[in-house]
Amino acid sequence: MSRRVVVDPITRIEGHLRVEAMLNDRGVIENAMSSGTMWRGIEVILQGRDPRDAWAFCERICGVCTTVHALASVRAVENAIGIKVPQNADIIRNIMFLTQMVQDHVIHFYHLHALDWVDVVSALKATPAATADLAQKVSPTWHNSSPGYFADVQGTVKKFVESGQLGIFQNAYWGHPAYKLPPEANLMAVAHYLEALRWQKEIVKIHTIFGGKNPHPNYLVGGMASAINMERLNYVRDLITDAARMVEGMYIPDLLAVASFYPEWTTIGGGLGNYMVYGDLPQNGIGDPSRFRFPGGVILNKNLGEVLPVDLTDQGQIREEIAHSWYEYPAGKEALHPWEGVTAPKYTGPKPPYKQLDENGKYTWLKAPRWKGNAMEVGPLARMLVGYASGRADFKEVVNEALGKLKVPATALFSTLGRTAARGLETRLAVNWLGAEFDHLMTNLKSGDSATADTAHWEPSTWPADCKGFGFTEAPRGSLGHWVQIHGGKIANYQIVVPSTWNASPKDGKGQHGAYEAALMGTPMADPLRPVEILRTIHSFDPCLACASHVIGPDGRKLSEVVVR
Ligand code: NFE
Ligand code: MG
């Protein structure tokens, strides 16, 4: 008789995710379901609108990956119409992209994921002087490391805990035996949690300088509309310098220090072993993938010896299935390429509040995207593996250095901890590239090239009557694609396939699980009433269900529930 653990909603993510895990007699997860519990329908809202406005609607799918849908959207429309943007537009978009990636990954590590590994309450037992010794050893270049500094942080945490109002730290599993850090490491991590919180509001000023605001900066079909001057550009340079110092001085040392206490998590949570990357960060236009900083490709069955090509326009490659999703397709259709995609919601689940979903029926608002019929994992781990397997020296250097420091083999990457480490390693690449993109922009401006947009095709009268296009990017959580069909100057169909839809997808028609579900299977759970193991693996993907199902919330859902039957 198996037991079912239900976590709904999973917190410290974006959006509304429910996980049901079935445990065997030994307390090991033997089956799992990932369910997106709400729906909004941005794809439906876009029909009939002006394609030049699509980015502004799409961008508001999510406040976390706050730029990526706008980027994919303008690229899709430009691809359909046949617009080639000036090089400075690509560079500014790359700067926006990298700013988003660095901010999002740091927030994920400290504010969404760290508390799965760091026990805040244990930090009260730390000796500030010993914490200072540890901090000076772990992150010798980081400035805040005195005993007085850590005593102050500890005092702040103490006030929190003694007030009995833990606020955002409420409802965690403090004291759970799965927490392995000594009190000093916990105190150091809590201090850096607070520092990262202050830092992340600074770095996004880069978005406000090039895009007018954050969240949801402005984009433009044809390029970028950025009013920039020298004083602002100098400020951007300072913000990039600070970001690099923070990533190298604090984030990466903390990541490696925390990881060293959890070696068992290099063998848990690997899941599918199939990885997909569309690629991004053009150096010679979006039409030349050979010059992307993030190379695209597919790895199947953990085979790093072969990287297969991905084609978003090949109707046999990317297709969405709905065998276990609350949607309907036209009669006889089981899998549709996004250009033929249909978004017709049909809820057939139980009336909420419900105790459990049926794994043999439909159980989620997410479709199941597949690549040549295979379930795929997308995101930082996929990107690091594809870069590594493609033989790229920059990827190999950061991966090999981390494996060496942690004294683990490359196979350790296929795991929950590998996923979390990959996110940090790509942040090292990203912050470095951010500086390089900025330097490139400055070189162009100094040489007199200040064009940031091509508006020759702004008027719909210059467009083909019927056209279709695709746009893509590598969002923080993975490969993102938008597909648009334009008839008579208006959007006839718009389909979005999002990173978290790939990762959080349900089973497909063949019964193949999505990445979250596959990664949970085989995980031993110490205490099903406090399912920290489920949180560790699910958080390692950094879920965003707002993106995945383009959703909002109905009334009356409980804020937190763990049911064990
Ligand atoms: Ni809303 Fe997003 C990212 C996109 S979802 S966070 O990154 O696209 O996976
Ligand atoms: Mg979609």
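A backbone N or O atom of Pro-476 lies 3.3 Å from an oxygen atom of ligand 1. The structure is a predicted model. Ligand 1 holds an iron atom and a nickel atom, which are 3.0 Å apart. A magnesium ion is present as ligand 2, coordinated by Glu-43 and Ile-496.

**Polar contacts of ligand 1**

- Besides the backbone atom of Pro-476, a polar side-chain atom of Ser-500 lies 2.7 Å from an oxygen atom of ligand 1.
- In the side chain of His-69, an N or O atom is 3.2 Å from an oxygen atom of ligand 1.
- Helices α3 and α13 (499–503) are the elements that give two or more residues to the shell around ligand 1.

**The shell around ligand 1**

- Ligand 1 is surrounded by 13 residues.
- The closest are Cys-62, Cys-65, Ser-500, Cys-544 and Cys-547.
- By type, the shell divides into 10 nonpolar residues, two polar residues and one charged residue.

**The iron atom**

- Cys-65 is found in the loop between helices α2 (54–59) and α3 (68–81).

**The magnesium ion**

- The OE of Glu-43 and the O of Ile-496 coordinate the magnesium ion (ligand 2) at 2.1 to 2.2 Å.
- Glu-43 lies in helix α1 (residues 42–45) and Ile-496 in strand β13 (residues 490–497), so the pair ties together parts that are 453 residues apart in sequence.
- Glu-43 has 5% relative accessibility and therefore counts as buried, the cut-off being under 20%.
- Ile-496 also counts as buried, because its relative accessibility is 2%.

**A three-stranded sheet**

- Three strands, in the order β9-β8-β10, form an open sheet with antiparallel pairing.
- Strands β9 (335–336) and β10 (368–371) are the edge strands, and each pairs on one side only.
- Strand β8 (residues 318–321) runs antiparallel to β10 and is joined to β10 by four bridges.
- Glu-320 stands opposite Pro-369, a residue in β10.

Notes
Residues numbered from 1 in each chain as written. Chains lettered and ligands numbered in written order. Predicted model: local features only at pLDDT ≥ 70, side-chain atom pairs only at ≥ 80, totals over all residues. Heavy atoms only, no water. Donors = N, O, S within 2.8 Å, 3.2 Å for Na, K, Ca; no water. Buried < 20%, exposed > 50% of the residue type's maximum accessible area, 1.4 Å probe, protein only. Near = heavy atom within 4 Å. Polar contact = N/O pair within 3.5 Å; in protein donor to acceptor, adjacent residues only side chain to side chain. Nonpolar A, V, L, I, M, F, W, Y, C, P; charged D, E, K, R; others polar. Pairing = 2+ DSSP bridges.
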